Amino acid sequence: MARALTLYQRMTAIAPDHPQPWWDRARLEAATGDAPAARGSLSALLEVARDRDVRNHVYAALEGLSESGS
């Protein structure tokens, strides 16, 4: 998982305007227990995502992170 997270960190640095890598990065960060980093990635995703469904999904994920106490 650490290697995958490194790759997604690089992808979001190279192509920050693409939503999918931000989502995948946030999922990996959450899975490794780094909720603050996951929230940061989801917030970055909100900056580039224009699709309403995607944005609603991100808001739900952010709420889930908050509810988990992470």
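Student: Where do the charges sit, on average?
Tutor: The mean positions of the 8 positive charges (Lys and Arg) and 9 negative charges (Asp and Glu), with His and the chain ends not counted, lie 5 Å apart in the protein chain, each charge being placed at NZ of Lys, CZ of Arg, CG of Asp or CD of Glu. This is a predicted model, in which local features need pLDDT of at least 70 and side-chain atom pairs count only at pLDDT 80 or more, while totals for chains, interfaces and linings use all residues. Residues are numbered from 1 along each chain as its sequence is written, and side-chain values use heavy atoms, with hydrogens and water left out.

Student: OK, and how many helices and strands?
Tutor: The protein chain has four helices and zero strands, where helices (H or I, at least four residues) and strands (E, at least two) are DSSP runs numbered from the N terminus.

Student: What's in the largest nonpolar core?
Tutor: That core, a set of buried Ala, Val, Leu, Ile, Met, Phe, Trp, Tyr and Cys residues joined through side-chain atoms within 4.5 Å, has 13 residues, and Trp23, Leu42, Leu45, Val58, Leu62 and Leu65 have the most contacts inside it. Helices H2 (19-31), H3 (35-48) and H4 (52-67) each give two or more residues, with H3 giving the most, six.

Student: Which residues does Leu42 touch?
Tutor: Leaving out residues up to four places away in sequence, Leu42 touches Trp23, Ala26, Val58, Ala61, Leu62 and Leu65, a contact being heavy atoms within 4.5 Å.

Student: How much of the chain is buried, then?
Tutor: Of its 70 residues, 30% count as buried, meaning under 20% relative accessible area with a 1.4 Å probe, protein chains only.

How values were computed:
Buried means under 20% relative accessible area, exposed over 50%, partly exposed in between (1.4 Å probe, protein chains only).
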